[in-house]
Amino acid sequence: MSGQHRTRVGGVILAAGRSSRYESGNKLLATIDGKAVVRQVAETACKSSLSDAVAVLGHEKVAVAAALDGLSLSVQHNDEYATGQSASVRHGVEFARSAGWDAALFLLGDMPFVRVETIEELLEAYRTGTATVVVPEHEGRRGNPVLFDNCHFDALASVSGDRGGRDIIETTEKTAFIEVSDPGVHWDIDTDADLAEFTDRRDSL
C-alpha cells in the first residue's frame, strides 16, 4: 500500500489514564495558557490534516469530555483503563477499523507540546513512502506520536499492560524514524514539575 491508498489517517488520543504520579489531580485537566492539557493535544490533532480523530477516555471521563467540548472529534469510553494503556489502544483500533482508516496516529493525552507541523511530517512520510510504522525522533531519541498502518491493527489489539506498540516498532522491518525539530515529542507530563519545566522550555524557544 502506498501513495493514493494511504489517504485516510485518523488520530487516536489516549486520554484514559489515572494520573497516579501527578500531585495536583488529573494531569489531563491541568491548564497551560488557560486550556486543559488534553484539549491542547486534541486541538493540535484537529488543526492537522488528519482525516478524523477520536479521544479514548476513562478516568474522570465526564470532566475530560467536558474539556474537549466543541471540538470536531469522537469520544470512546474505556471502562478497563485501570488495566493499562493497551486497553485504550484496543478501543482506538476498534474505532479505526469501524471508520475504515488506512492508518492511525496515536497521540498521548499528556503531551500537549507536540506541534502541528510534526504531525504533518509524520503524515507526509507515511503517505509518500512505504513504511508501515512512522516514529518521530528528536536529537536521535524517539518520541511520540507514532503512526501505525492498518496492517498492524491486529497486533495492536492484542497488546497488554502499558507497552503499547513498542514491540511492533522494534520488530517491524518497515519502521521509519523521522528526525523532527520538535522537542515536544519527548515532553510528557507526569508531575507538576514536568508541567512547569516544559512550559518554561517552550516559552524560551
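How do the residues of the lining of the largest cavity divide into nonpolar, polar and charged? The model is predicted, and in it the lining comprises 7 nonpolar residues, 2 polar and no charged.

## The cavity

The count of cavities of 30 Å³ or more comes to 1. The largest cavity has a volume of about 70 Å³. Its lining is made up of Val41, Thr44, Leu107, Leu108, Met111, Pro112, Val114, Asn144 and Pro145. Two elements, helix H1 (37–47) and strand S6 (103–108), each give two or more residues to this lining.

Rolling a probe the size of a water molecule over the atoms shows where empty space is left.

Ala15 belongs to strand S1 (residues 9–15). With a relative accessible area of 0%, Ala15 counts as buried, because the limit for that class is under 20%.

Beyond its neighbours within four places in sequence, Ala15 is in contact with Leu28, Val38, Val56, Leu57, Gly58 and Val64. Val41, one of the cavity-lining residues, lies 26 residues from Ala15 in sequence, and the C-alpha to C-alpha separation of Ala15 and Val41 is 9.8 Å.

## Strands S4 and S5

Strand S4 (residues 52–57) pairs with strand S5 (residues 74–77) in the parallel sense, over 4 bridges. In this pairing, Ala55 stands opposite Val75 in S5.

Technical notes
Residues numbered from 1 in each chain as written. Predicted model: local features only at pLDDT ≥ 70, side-chain atom pairs only at ≥ 80, totals over all residues. Heavy atoms only, no water. Buried < 20%, exposed > 50% of the residue type's maximum accessible area, 1.4 Å probe, protein only. Contact = heavy atoms within 4.5 Å. Pairing = 2+ DSSP bridges. 1 Å grid on protein atoms, 1.4 Å probe; cavity = no way out; pocket = protein on both sides within 12 Å on 5 of 7 lines; lining within 4 Å. Points joined across faces, edges and corners; volume = space filled by probe spheres on them. Nonpolar A, V, L, I, M, F, W, Y, C, P; charged D, E, K, R; others polar.
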